[in-house]
Amino acid sequence: MSTADGMLSSSIHMVRGCVLVSVPADLDDESAVLLQDEAIGVLHRLGSRALLLDFSGVEAMDSTLVRSVFDIVDMAQQVGARAAVAGIGAGMASALALLGFEAGNVKTALDVDEGLQLLAEPEGPAQHFG
Amino acid sequence: MVRPSVLQSAAGPGRDIMYGRMKMAKDDTVAGTQNPVSVLWDRILFLPIVGTVDSKRAQDIMDIMLAKAEETRARIIILDIKGVLAVDSAVANHIIKISLATRLMGCSTIISGITPAVAQTLVHLGADLGDVKSTGTVRDALASALGELGYEIRAKQDA
């Protein structure tokens, strides 16, 4: 995969105030770091308060790579955004569990739709999006 | 050029392949009947585990649960282990593995049917179920699952 800047921005979209990051199936160590930079950068630039990582295009992935993608959730939380992971299929879930991979305190959802619901603004005082 | 057909190869290695396929299909059926997953409520799956749980059975259960969870878009899975003959740390570990996998799909696991004897054994062995929620009865597990999904059970006013 080319590591040219901007190659990855095509997989990051804004959906209803939430930054949606589609994890590419051919992610490697280098582009994973790039994806982290991009995702957090976009989150900051757009002033969004929510980030969703979508794994639905990924059939299988090395657990260390999955970990570095999961790290984006932690990073997003550090900058005060709500974040979650969605779209991990049955095959990948069982493979990761057999390797002892733990989601930790990362929120998970079945698909993007569920993920967006999970991240939806909790009822309360109105908040302003940037 | 002679194309190998199923009939021609029936006496050769092809037969083993066919037999292997049939055996695999049979194994799947057996795994499915031994581990009957039912939809207890919208987005709540229920699986009673009866008998022994070894690593093969645990793998079958995990595969079936994950496939069903994906198919029915389940949010919560209730595993009832009341019928498991011996619950030890190995079984506890299998259950934790299953819960880790379903968790990745946004689906949480509740273990029900922890009898006092099992609770005692697990504590004595120093085995714990980690973050997996556990209840004594299926009733409590269902109540907790419904609560998590935002349902409320109330008696009718005039009942």
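This is a predicted model: local features need pLDDT of at least 70, side-chain atom pairs count only at pLDDT 80 or more; totals for chains, interfaces and linings use all residues.
Chain B contains 6 helices and 5 strands. Their order along the sequence is α-α-β-β-α-β-α-β-α-β-α. Of the contacts in chain B with a separation of 6 or more, 71% join residues 24 or more positions apart. Chain B has 159 residues, and 35% of them are buried.

B:Thr135 gives a local view of this chain. The residue lies in the loop between strand S5 (133-134) and helix H6 (138-148) of chain B. B:Thr135 counts as buried because its relative accessible area is 12%, and the cut-off for that class is under 20%. The side chain of B:Thr135 reaches the backbone oxygen of B:Thr137 at 3.0 Å. Apart from neighbours within four places in sequence, the contacts of B:Thr135 are B:Ile110, B:Ile111, B:Ser112, B:Gly113, B:Ile114, B:Asp140 and B:Ala141.

Cysteines can be taken next. A disulfide is a covalent bond between the sulfur atoms of two cysteines.

The remaining topic is the interface. On the chain A side 23 residues take part, in contact with 17 residues of chain B. Together the two chains bury about 1600 Å², and 59% of this area is on carbon and sulfur atoms.

Polar and charged pairs also occur between the chains. There are 8 residue pairs in polar contact across the interface, counting pairs with both residues at pLDDT 80 or more. The number of salt bridges between chain A and chain B is 3. In one salt bridge, the side chain of B:Arg43 meets that of A:Glu114, with an N to O distance of 3.0 Å.

Which elements of chain A each supply at least two residues of the side that touches chain B? They are helix H3 (90-98), strand S5 (107-109) and helix H4 (112-119). H3(A) provides the largest share of that side, with 6 residues. Sorted by class, the side of chain A that touches chain B consists of 12 nonpolar, 6 polar and 5 charged residues.

Technical notes
Residues are numbered from 1 along each chain as its sequence is written. Chains are lettered from A and ligands numbered from 1 in the order in which they are written. Side-chain values use heavy atoms; hydrogens and water are left out. Contact means heavy atoms within 4.5 Å. Buried area is the accessible area (1.4 Å probe) that two parts lose on being put together, summed over both. A salt bridge is a side-chain nitrogen of Lys or Arg within 4 Å of a carboxyl oxygen of Asp or Glu. A polar contact is a pair of N or O atoms within 3.5 Å; within protein, one must be able to donate a hydrogen and the other to accept it, and residues adjacent in sequence count only if both atoms are side-chain atoms. Helices (H or I, at least four residues) and strands (E, at least two) are DSSP runs, numbered from the N terminus. Ala, Val, Leu, Ile, Met, Phe, Trp, Tyr, Cys and Pro count as nonpolar, Asp, Glu, Lys and Arg as charged, and the others, Gly among them, as polar. Buried means under 20% relative accessible area, exposed over 50%, partly exposed in between (1.4 Å probe, protein chains only).
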